Amino acid sequence: MPIGPARMPLADHLGELRRRLTIIVVSLIITAVVLYNATPVLIDFMMDPIRSALPHGTKLTVLSVLGGFTIRFKIAMFFAGIVCSPIIIWEIMAFFLPALKKNERKWVVPTVAAMVALFYLGMIFCYLVIQKAAIGWMVEQTSDFASVIANAEDYLNIMMLLEIGFGIAFQLPLVIFYLSVLHLVPYKTFRAQWRYIYVGLMVLSAIVTPDASPVTMILMFAALIALYEVALGIARYVIIARDGKEALKWSREEYEDHKYEEELSKS
């Protein structure tokens, strides 16, 4: 039986962690070096959704000698993170894999695939829907009384933060799904407390969106509600198919009692 990280000697535990972190860091550095020369094209790609929201003729400006290198390095690392996200997520999950029970390990690959897919989905949603609305609203707040200097670093920083924020926020369905399916929070509780959960999602939307724009927050809130409901719908289907409709009301203790009784009946 494999020994999980919690039972390893401290040196082995740290060694395993160091090995996986090394894989992540090396992957990021190699990918960033490869992408560095392509950063002008990548920046142009990032700017595409917001061009129509900017004043006509707006051109990005770099305000320092080292600004160009700094921006290109950030963009290279940002896209390296996107490209390497499957590796990053897998290495994090694989670190905990030996500690999981045999019946829990079958969920690892689907979980990693879902995390990667949701991360990309969040970033695509942000790119196609959020960027123009958010940047356009922020520029509009200034255009009536002043000109906005298109500082390349400011524009690109806020756009990268938005992308990362939405990529992370779109992991919510996975959290809701596992809390429900593992009966850590009973399905009936999610349904009964929906008003409080919606308020919590609104607060989360305000925290995750880095631009303090009400437009961004509302769009994030709408997306999270949709994802929340989809996750609960899938969890309901899985719970009923596996344990029956009555299981929608079970707590974790009731679920474990049921599994124990099943094992006794089989023995």
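**Helix packing and nonpolar cores**

Helix 6 and helix 10 pack with their axes 11 Å apart, at an angle of about 20°. The model is predicted. Two packed helices are described by the angle between their axes and the distance between the axes. An angle under 35 degrees counts as roughly parallel. Helix 6 and helix 10 are therefore roughly parallel to each other. The crossing of helix 6 past helix 10 is right-handed. On the side of helix 6, the contact is made by Leu 162, Gly 165, Phe 166 and Ala 169. Helix 10 contributes Thr 216, Met 220 and Leu 224. By class, five residues of this contact are nonpolar and two are polar. No charged residues take part.

The largest nonpolar core was examined next. This core holds 32 residues. Phe 166, Ile 176, Leu 201 and Tyr 228 touch the most other members. Five helices each supply at least two residues of the core: helix 5 (108-143), helix 6 (152-169), helix 7 (172-181), helix 8 (187-192) and helix 10 (214-243). The largest share comes from helix 10, with 11 residues. In soluble globular proteins, nonpolar side chains tend to be buried together.

Neighbours within four places in sequence are left aside here. Leu 201 is then in contact with Leu 172, Phe 221, Leu 224, Ile 225 and Tyr 228. Leu 224 also belongs to the contact of helix 6 with helix 10. Another core lies apart from the largest one. This other core has 23 residues, among them Ile 50, Tyr 155, Leu 156 and Met 160.

Two single residues were also considered. Ser 27 is found in helix 1, which spans residues 10-36. Its relative accessibility is 16%. The limit for a buried residue is under 20%, so Ser 27 counts as buried. Not counting residues up to four places away in sequence, Ser 27 touches Cys 84 and Ile 87. Ser 27 and Lys 106 are 79 residues apart along the chain, and their C-alpha atoms are separated by 26 Å.

Ala 113 lies in helix 5. Its relative accessibility is 44%. Partly exposed residues fall between the 20% limit for buried and the 50% limit for exposed, so Ala 113 counts as partly exposed. From Ala 113 to Gly 167 the sequence separation is 54 residues. In space these two residues are 14 Å apart, C-alpha to C-alpha.

Methods
Residues numbered from 1 in each chain as written. Predicted model: local features only at pLDDT ≥ 70, side-chain atom pairs only at ≥ 80, totals over all residues. Heavy atoms only, no water. Core = buried A, V, L, I, M, F, W, Y, C linked by side-chain atoms within 4.5 Å. Buried < 20%, exposed > 50% of the residue type's maximum accessible area, 1.4 Å probe, protein only. Helix = DSSP H or I, 4+ residues; strand = E, 2+ residues; numbered from the N terminus. Contact = heavy atoms within 4.5 Å. Axes fitted to C-alpha atoms, helices over the stretch in contact; angles between N-to-C directions. Parallel < 35°, antiparallel > 145°, perpendicular 65-115°, else oblique. Left-handed = near helix turned anticlockwise from the far one by under 90°. Nonpolar A, V, L, I, M, F, W, Y, C, P; charged D, E, K, R; others polar.
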